[in-house]
Each structure stands twice: as structure tokens, then as C-alpha cells.
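This report goes through a structure by topic. Keep the sequence and the 3D view open while reading.

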Amino acid sequence: MAGKVKWVTDIEKSVLINNFEKRGWVQVTENEDWNFYWMSVQTIRSVFSVETGYRLSDDQIVNHFPNHYELTRKDLMVKNIKRYRKELEKEGSPLAEKDENGKYLYLDFVPVTYMLPADYNLFVEEFRKSPSSTWIMKPCGKAQGKGIFLINKLSQIKKWSRDSKTSSFVSQSTKEAYVISLYINNPLLIGGRKFDLRLYVLVSTYRPLRCYMYKLGFCRFCTVKYTPSTSELDNMFVHLTNVAIQKHGALGSSGCIAWTPRPFCHQEDYNHIHGGKWTVNNLRLYLESTRGKEVTSKLFDEIHWIIVQSLKAVAPVMNNDKHCFECYGYDIIIDDRLKPWLIEVNASPSLTSSTANDRILKYNLINDTLNIAVPNGEIPDCKWNKSPPKEVLGNYEILYDEELAQGDGADRELRSRPGQSLGPRGGRSRDSGRTVLTTWK
Amino acid sequence: MALTVLRSTGQGSWEKRILKSLNSMCTELSIPLARKRPVGEQKELLNKWNEMGTDEPDLSLFRPVYAPKDFLEVLINLRNPNYENGDSLSFRTHLGLIQVPLKVKDIPELKEFFVELGLTTGQLGIDDSTQVPPELFENEHVRIGQKVLAEQDSAAAQQYIRQGSPTALRAELWALILNISSQPEDILYYEQLKTNVIQHDLLVDSLIYKDVKLTASNDDYYFVFEDYLYQVLLCFSRDTSVLGHFAYSSASPPKSYIRGKLGLEEYAVFYPPNGVIPFHGFSMYVAPLCFLYHEPSKLYQIFREMYVRFFFRLHSISSHPSGIVSLCLLFETLLQTYLPQLFYHLREIGAQPLRISFKWMVRAFSGYLATDQLLLLWDRILGYNSLEILAVLAAAVFAFRAVNLMEVTSLAAAEAVLADLSTLKVMPLLQIFLFATVT
């Protein structure tokens, strides 16, 4: 019979707790019987680790997939996408088509990336091909822009050169693993400022893949003007757009920026009314007005495409545990030729709010997420078909529904001419309104 | 240097007040109205031209010369014995704040004037919503727009845009209607203005900085374009060609006299050079245009033309039907005539509606509506070559929120009900108010 959903969380954020309480759910501790647990990524690690032998029952749901890091760790994401591309190439799929320079036509959406120290030599080879390029070093396991720095000379990463030579079996867990990616030095600028896109994507199941895109994503702008000059490498405000850095960042002196403790905040750089954000709708209006409708629609189509491809890439290796759903924060940068690049995927997008509007957005995000993941707000049964009715989607739109797509006929999957249909639309019918999400022709 | 004004009409005494305010700021802060920049400073400014927003000059001692509410007080106290069109009997029953009996349109006349906004005509802002299949209106409307642009037909564009402009065509359509084409001489002219800015510093520059920092920089949509606003407004204040609009304005530009030669015309110069003293919120006239034009000289030209055709009427006193006085009267009359219960109720509780709507109209709703909605509204300003739609929209907003407004018991509460217009869809509101309300 219907009892009240019992919830636990180890993330004390009002946007979560208010949503639980408004559904009349009951807070319990993790040691008691619970139905819904909004976990941090540390907790999910222990819940599903082999040692604890935790078994979830049918009426328990958690907000992460056990091995989400296949998508959300920078090195593993790249590894999975590379593997996916190679597989498609091997099976002769038209999706893996390449151009005359050997670049993938449809699957080139992650900047060239190498793992350090493992791929150091491969990286050096690539670096020497274009020695004036800039690369960005990111630690694999950290978030919020911590430990990130830019380099444009091999000498700046001497340390990894040494590491790669001394021992080839240095375990990844004892040394900090880094990825190094080609830095996109021609970002699309608006008002002379660089920005990135934060989009929320909800995945309810990986096999079959069913994912939803939150309509209310946003752009995060840098406080200062963007200049690609090398002297600006020191000024990480320009390059990094994470709101966390904008709020609390400080400049390093050696081309590196280290995470600084709060006493060194530069609060005055951070505008408390809008926090340097634009809605995705503003972006669309601006681009349509200044660049035209076709290229703007194409850009948004490509953004949806790369998100779906990234999910398809990790779907085979994901533990598609039926107790799980996950809401990802996708970070995307658009370059000045209106090509979107996938930078990273966050398993735990920030639920802190920088402005009043932000708080409302995140509250609604959680609300709509819960409506999809926990139907009717009742005690869940993880064996349900995970197909919510259209009415509960709220601000989510179906991004891709593999089951529905396959129902449209498998032969459509293979139709491909450049710019032509590369996959059926996800579950959209004429009477549900004009297609605004995927217009993959 | 002292400033003086040589006309004494309602506009004249208002101008006197503004100049007095500017003068006293000048004296208090011991800052000259204008000075030539030393070469070092010129170089610095040139380097920073694209990011003046990062400059953080100390503006704490500057205050805006006036804000819309100051201007409203002036309008409220206007008394004009020259009746435009005598209907003095009915005017005595006018219970609004404006006491100047100008002729304004009633709803039947507005329906005729705005006939293309009627229920049976397709509109962007209504008939392009996601529920409506594009074959019904939108596709054809876009096709016609493209044709109009291809033929470069300015008059046709003006007629066309009454039904709204597709986002992708708007920048070009507005340029066509405003007769703006970026010729080399236009770009040169803008560069010359930029040089003036680099060489001379004006007191009004600080007022412009302050205004941008207070308004546009804090706006959810426009903060991104802060630097463009400086580039436009600083040049604007030095553009003497703007003086031309005073020929058809009831206003006159403030003059300044070389020391000791007060009153001698041959020693008079206009201050600021374009004759326009910015007020609090002025930068919001430019901000929405940044969504359409990202090339500074084009942005500049468009703004200047919008100003000398339309915006100047919103902060100067005249009897023109698009002048702010007429708009206020139109608004109040519409409310009193067609929503009398609401109007009387608000009056009773000390919340004269104009006190709330005035700021919307003075700013042409910039900063109050969502940008896409604002642009649809400004489409119609261009299409009808009139600002009357601002007054109609203001009345429509009150009509829309009438139920809540009837329940408030104070001005503050009424303000709260009308504080957030960012979710409003302007075209349905206008259509319902004009064409679907029983009159």
C-alpha cells in the first residue's frame, strides 16, 4: 500500500530538501529503511563497492549509476569515446565517416586529449605538430576548476615527462592523473566575453538508452574580456568559466592557478545579481538575430547530437542498475565557427545557488527530475518501465529514446548522407507540438 | 563656466532644473564640464577601448542628474492654457495625474490605427508559438520578409513589421526601415567620434559610466554588452549631428558660454555636444540593440536613429501624440474609461496607476520585459512610427493583473504585483486589450 517515501541525503542543499518535503516524504537515516537516497559520489562508491555487498531492494532508488565515472571522469570519458569511434569504424558504420584529413565528420566533438603520464610521448608528438598551440591540463578527479592550468611550452609539464620515463607502471591512484587537451583558443565570444554552456541531462536507463534534456540550461560568462595572447595565460579568470572560480578564484604567478582558500576571495569581481549567466534561450535569440536561423538550429542540433553520442559511447560499459538514474551537468564550449565541443560531464552538478533566479532554476530542476525518476512521488518500484507520461516532464524534453527510435524501423539508422538523417528522432509526434529539440534531417 | 537656458516653457523650466543640477554637481566635485586628456591618458583609454567596463573609477560622488520619477513630478505639475482640442467638460472628470488636456485616441481609434494587430491577422509573438504549425502563418511570413529585404523596400518593410519580425531578419529590417546602411563614411564618422572621446573627457562621461553600472550591468540579459554601451554612449554624447533633432523637438539643447561672455551667442557652445543630458536608465535604450548588432559603428548608427526618431520624445515635454505627456494621458484615459473599477480602486488606496507605469513607458519597457518580447514590441514602434503602443501595453498590463490589483490596499503592494513583467507575452496582451475586451 502507499506509504510515505522515506528519503536520505548526504548533500544538505535546500533545493533538494524543499523538494522532498513538499512531496510529503519522510526523512530517515541511511541505516534505516529508505526508498530514495540522493547521494554524493563518494557514497555511491561505497554503496556499490564489492566489499560492502550492499543490496538494494526493489523499492530503493539512488541518483547515480555505480560506474558513472566512465562518463564523468575526464580520462575515462575520452577513452570510451575513442573506443566507441573505433568500434563504429570497424563495423563500417556511416557515423564513423572521416574527411580527407582523417577527422571524423560526425564524431569529432571532444578536443584532442591525452592522458598523462601514460600518453606523454603521444602527446609530445602531437604538440610538436603545432608548437604554437595551447593545451589545458586538468586533474582527472577534481571539479570546479581546481588544479587546472594552461601550458604552451613542453617545459611547463617537465614533471610528467620525468614520471613517464621513470616508471611505466606507476599506479594511477598514487600519482595524480591528468588529462591534457588542446585548448580551444577561438571560442565564440559574445560582447567580447568567453562563455561555456551548462546543460542538464537526465538518464533513466542506459540500455535501452533513455535520456532527457533540461530546456533551461545556461551560459556562464567570464568576468573579463577574452584575449588569446600568451600573457593572459596567467589570468585564469579569463579562461575558466566555472562559477566557482569566478566566485573565489585568485591569480597564480607561474602560469598555474591553485585553489585558494576563502580569505583570498575577490568578491567584487562577482556580480551578485546575475552571476554572469544567460539562459540558453537568450543565446538562441542572440545567435538567431546575429547569425541567422539555419546556423543556429544546426548548432543546437549538434549539441544534442554530441550529448547523445557521448551517452551511447558509455552505454555498453555502464552498469545499467535498475535502481539508478542520474542527472548530469554537461559542459560545452562553442567555437567561433559555431562548432560545439564537449569539455566534460559532471555527475554531481552544483546545487548551490548564486542568485535568486539560480535557486529557482535548481529547485525546478530537482522537481522535474524527481517527477520523472520517482513517478507520482510514491514508493518506487525499480522494475517499472521507466517510461513516464509526457505530462510529468516539466522542463525536460526527451532527448533520445532508444526504444521508440528502434520502433521507427531499424533501417532508418543507416541512412546517411552528409547532413542527412543519421538517426531517427526520439519519440516525437506531430500532435505533441512543433519539434524544437531534434531536427536531425 | 556656467550653463544657462534661454527658453521658459514647461520644457524650458525643466531644462533649467536639469542644468542647475548638473552645474551644482560640477561645482561640488570641482570637476570641469570638459577637459582635454593628457597624452598618456589618451593612450591608456585607446588600449582599453574594448573593455572600459573593467575600469572601476570612483563614481560614488556622482549621482544621476535625474530619474524618471523626478520627471514625472514635473509632468504632473504641468498646466497648459492652450487647449489642443476642447473637450474641457469631459476633461474635468479626468482623475489621473496629468492635467494637460491633449487629444488622445480611444479604443475604437486605436483599433483602427493598429488594425494589423487584430485577431484575424497573423502575428509573430502569437502565431509562431510551438503549438501552432508553422505552415499556418510563420513560414509564409518569413518568406515575405526575405522578399522585402531582397527588394530593399523600406516602406514595405515598415508595413511588414507590424506583424512582427522573424528573429533572423530583424537586424536587417530595422536597418532598412531606419535607412541605415553602413557606408564607409558612416564608419569614418564613428571613428571620428571615438577620437573625440579619446581626446576629451566630459563630465557626462562619468554620468554615463554610472548609469551603465547601475542599470545594464545588473540586467540578466544585457550585462554581457556592458562594454558596447560605453562605446556607443560616449560617442553619442559628442555627436553634434544629434543637435539636428532639436529642430522638431520642443526641447532645446543646453548651452554653455565662455567665461565672461554670458548671453553672447558667438561664444556659446552646446553641452554636452549632442545636447542630450543622460538620465538614470538612459543606457537601457541602447542595450536591447546589442542583441541585433555587434559591429560598433552599425550599433551606433541604429541607436542614434532610434533616438532622434523615437526615444527623445520619452523624456522631453511636448504635445506630440508620441510625446511622453500624451502617452501618460493616453494610458490614464484608457484605464479610467475601460477599467474604471480598477482605476478608482487604485486611486482610493493612493496608488495612482501612472506612478507605476511611468517608468515602463519612459524606458520603452527596456529592462522590464524579456528581450524577445521587447524586440517584438519595438518592431511595432517602427512599424507604426509611433510610441502610442507603449501606453496601450501599459494599460493592457494593468488589465491583465486587474484581479490581483483589486485586492491590494497600498501603493507598495500594487508595485509588488507589477514588479515582475519578465514573463509577460506582449502580443497576446495587446490583442486581448484592444480587440477582445468589451468596450
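## Salt bridges in chain B

In this predicted model, Arg143(B) and Glu140(B) are joined by a salt bridge, with 2.8 Å from N to O. Both residues belong to helix 6 of chain B, which covers residues 138-150. They are three residues apart there, about one turn of the helix. Arg143(B) is partly exposed, at 45% relative accessibility, and Glu140(B) is also partly exposed, with a relative accessible area of 39%.

A salt bridge also links Glu109(B) to Lys103(B), where the closest N and O atoms are 3.8 Å apart. Glu109(B) has a relative accessible area of 32%, so it counts as partly exposed. Lys103(B), at 48%, is partly exposed as well. Over all chains, the structure holds 34 salt bridges.

## A network of charged residues

Which residues are linked to Arg37(B) and Glu41(B) in a network of salt bridges? The network also takes in Arg35(B), Asp201(B), Asp205(B) and Arg238(B). Within the pair Glu41(B) and Arg37(B), the closest N and O atoms of the salt bridge are 3.2 Å apart.

Is Arg37(B) buried or exposed? Its relative accessibility is 10%, and the cut-off for buried is under 20%, so Arg37(B) counts as buried. Glu41(B), its partner in the salt bridge, has a relative accessible area of 26% and is therefore partly exposed.

## Where the two chains meet

Chain A and chain B bury about 2,400 Å² between them, and 53% of this area is on carbon and sulfur atoms. Chain A contributes 26 residues to the contact and chain B contributes 32 residues.

How many salt bridges does the rule find across the interface of chain A and chain B? There are two. Arg193(A) forms a salt bridge with Glu226(B), and here the closest N and O atoms are 3.8 Å apart.

On the side of chain A that touches chain B, strand 13 (277-279) and helix 9 (280-291) of chain A each supply at least two residues. Helix 9 gives the largest share of that side, six residues. Sorted by class, the side of chain A that touches chain B has eight nonpolar, 11 polar and seven charged residues.

## Nonpolar cores

In soluble globular proteins, nonpolar side chains tend to be buried together. The largest nonpolar core in this structure has 227 residues. Which of its residues touch the most other members? They are Tyr206(A), Leu311(A) and Phe303(B).

A second core of 29 residues is separate, and it includes Phe20(A), Leu365(A), Leu370(A) and Ile372(A).

## Chain A as a whole

Chain A has 12 helices and 16 strands. Of its 441 residues, 55% are buried. Among the contacts in chain A with a separation of 6 or more, 68% are between residues 24 or more positions apart.

## Backbone details in the loops of chain A

Two cis peptide bonds can be located in chain A. One joins Leu116(A) and Pro117(A), with omega about 5°. Pro117(A) is in the loop between strand 5 (113-116) and helix 5 (120-129). Another joins Arg207(A) and Pro208(A), with omega about 0°. Pro208(A) is in the loop between strand 10 (193-206) and strand 11 (209-214).

Leu338(A) is not a glycine, and its phi is positive, near 60°. The residue sits in the loop between strand 14 (326-334) and strand 15 (340-346) of chain A. With a relative accessible area of 8%, Leu338(A) is buried.

Lys386(A) also has a positive phi, about 55°, without being a glycine. Its loop runs between helix 11 (356-373) and strand 16 (396-401) of chain A. Is Lys386(A) buried or exposed? Its relative accessibility is 11%, so Lys386(A) counts as buried.

Key:
Residues are numbered from 1 along each chain as its sequence is written. Chains are lettered from A and ligands numbered from 1 in the order in which they are written. This is a predicted model: local features need pLDDT of at least 70, side-chain atom pairs count only at pLDDT 80 or more; totals for chains, interfaces and linings use all residues. Side-chain values use heavy atoms; hydrogens and water are left out. A nonpolar core is a set of buried Ala, Val, Leu, Ile, Met, Phe, Trp, Tyr and Cys residues joined through side-chain atoms within 4.5 Å. Buried means under 20% relative accessible area, exposed over 50%, partly exposed in between (1.4 Å probe, protein chains only). Contact means heavy atoms within 4.5 Å. Buried area is the accessible area (1.4 Å probe) that two parts lose on being put together, summed over both. A salt bridge is a side-chain nitrogen of Lys or Arg within 4 Å of a carboxyl oxygen of Asp or Glu. Helices (H or I, at least four residues) and strands (E, at least two) are DSSP runs, numbered from the N terminus. Ala, Val, Leu, Ile, Met, Phe, Trp, Tyr, Cys and Pro count as nonpolar, Asp, Glu, Lys and Arg as charged, and the others, Gly among them, as polar.
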